[in-house]
Amino acid sequence: MLSTPLANIADLRERARRRLPRMVFEYLDGGAEDEVTLRANRAAFEAIRLRPRLLKDTAQRQQSVELLGETWRSPMAVAPVGLAGVFWPRADVLVAKAAAEAGVPYILSTASSATLEDVAREAGGNLWFQLYVISRALADGLVDRALAAGYRTLVLTIDVPVSGYRERDLRNGFSQPFRITPRTALDVARHPAWALQMLRHGAPQLANLASVDATDADSQAALLKRQMDASYDWTALARLRERWPHRLLVKGVLHPDDARDAFALGVDGVILSNHGGRQLDGAVSALDVLPEVVAVAQGRPVLIDGGVRRGVDIVKARALGADAVLVGRAVQYGVAAAGQAGAARALAMLREEVDRVMALSGLADIADVNSALIAP
Ligand SMILES: Cc1cc2nc3c(=O)[nH]c(=O)nc-3n(C[C@H](O)[C@H](O)[C@H](O)COP(=O)(O)O)c2cc1C
C-alpha cells in the first residue's frame with residue numbers, strides 16, 4: 001500500500017531508489033556509456049512548448065484511441081523490460097495486470113522473469129510479445145510458444161545486434177554471471193526489505209529461456225548472449241513477416257528510410273526508439289526523427305518511446321504525429337516502489353496528466369491534438 005502522497009513519476013522513482021539496492025536501481029535508471037542519448041530523450045520533450053487555444057468546451061474529455069485493431073484507453077503501452085523480476089517478485093505479471101486494468105497494451109520482453117505462458121494465463125488484457133534479433137532456432141521456438149499462448153502482436157527489437165555498454169552495471173558488478181563481492185553484499189544488506197523478498201521468492205530467472213541445460217539465471221543469460229545474432233538483416237525480417245500471421249511491429253527504428261523499408265515488407269507499425277538511451281550512445285531521440293517518419297508512414301502506425309515521464313510528453317508526441325508512446329522506466333519505477341499498486345499508480349498518473357493537459361490546452365478529444373498545439 002502507498003502511504004505518503006506520491007505526486008508524480010519522479011516521486012515513484014525516488015521511492016524505487018530507496019527500496020532497491022544501488023546496483024539494481026542503476027540497472028533500471030542508467031543508460032549506455034556517457035548517457036548522452038539518455039539525457040537527450042528528456043531534453044527533446046522539454047524543448048517543446050505548447051500554445052493552447054482556450055475558451056473551448058472541454059468539460060467532457062476523452063483520450064482513448066483506436067489503434068492496430070484495438071481500443072486503447074490512453075495512447076500508451078507498457079514497453080518491454082527484461083529482468084523486471086529484480087525490481088519486485090513476479091513484476092511482469094503484476095505490471096501486465098496493471099496494464100490490463102488501465103486498458104493499455106503490455107509488451108512482454110523475451111528476457112522476462114515470468115514465462116510468456118504464465119503472463120498470458122494470469123494477466124489477460126492486450127498482450128504483445130517482444131523478440132530480440134536472435135538465432136532462428138531460438139526465435140522460432142519463442143514465436144510458436146507466443147502464438148500458442150494467445151499473443152497476437154509481435155514486436156521485433158532491432159537495436160540490439162550486440163548489447164549496449166552500460167558502464168554503471170559494470171562498475172556495480174551487476175553483470176552475468178552475477179558475482180557476490182563485499183560491495184554487492186553490503187549493497188543488498190542495506191536494503192533488507194528487497195533482500196527478504198528476493199530470498200522468499202528466489203532469484204529472478206530469464207524464464208522464457210529456462211531449459212534442462214539452462215536452469216539458473218546465469219546460464220539463461222549466457223544462452224541469450226550466445227544466441228544474439230548480429231547477422232540478422234532485412235532478409236531475416238522478411239522471413240519473420242512470412243512466419244508470423246498476426247500484427248508485427250519493429251522497435252528501434254531511428255531513420256525514415258528504415259521505417260519505409262519496414263512498411264514495404266509488410267510490418268504493421270514502427271516504434272521509434274533508442275532503447276531508452278541504453279544502446280547506441282549518441283543516437284538521436286525518437287521525438288527528433290518523428291516528423292520525418294510520420295511523413296513516410298502515410299497514415300500507418302508510428303509509436304515512439306524514450307523519456308516519457310509526464311502526460312504532457314504523451315500529448316507532445318501525439319501533436320508531432322505519433323499514434324501512441326511506450327512507457328518504459330516510468331512504470332517500472334512504480335512496480336519497484338510498490339508492486340502492482342505502484343505500476344497502476346504510474347499508469348493512472350500519466351492518464352490523469354494527459355486529461356489535465358488536454359483541458360488546459362482547450363482540447364476535448366485526443367484526436368484533436370495536432371501540430372497546431374506546438375509553438376513554432
Ligand atoms: C531496465 C530496462 C530493460 C529493458 N529491456 C528491454 C527488453 O528486454 N527488450 C526491449 O525491446 N527493450 C528493453 N528496454 C527498452 C524499453 O523497452 C524502452 O525502449 C525504453 O525503456 C524507453 O525509454 P524510457 O525508459 O525512458 O521510457 C529496456 C529498458 C530498461 C530501462
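**The ligand and its surroundings**

The ligand sits in the largest pocket. Here, a pocket is an open set of points on a 1 Å grid over the protein atoms alone, with protein on both sides within 12 Å along at least five of seven lines, and a molecule sits in one if more than half of its atoms lie within 2 Å of its grid points. This is a predicted model, in which local features need pLDDT of at least 70, side-chain atom pairs count only at pLDDT 80 or more, and totals for chains, interfaces and linings use all residues. Residues are numbered from 1 along each chain as its sequence is written, and side-chain values use heavy atoms, with hydrogens and water left out.

What surrounds the ligand? A shell of 21 residues does, the closest being Pro80, Ser109, Tyr132, Thr157 and Asp305; a residue counts as near if one of its heavy atoms lies within 4 Å. Polar contacts (pairs of N or O atoms within 3.5 Å) turn up here too. A nitrogen atom of the ligand lies 3.0 Å from a backbone N or O atom of Gly82, and a ligand oxygen atom is 3.0 Å from a backbone N or O atom of Gly328. Of the 610 Å² of accessible area that the ligand has on its own, the protein covers 99% (Shrake-Rupley method, 1.4 Å probe).

Most residues other than glycine have a negative phi. Glu35 counts as buried because its relative accessibility is 11%, where buried means under 20% relative accessible area with a 1.4 Å probe, protein chains only. Leu83 is buried, with a relative accessible area of 11%.

Note on methods
Polar contact = N/O pair within 3.5 Å; in protein donor to acceptor, adjacent residues only side chain to side chain. 1 Å grid on protein atoms, 1.4 Å probe; cavity = no way out; pocket = protein on both sides within 12 Å on 5 of 7 lines; lining within 4 Å. Buried < 20%, exposed > 50% of the residue type's maximum accessible area, 1.4 Å probe, protein only.
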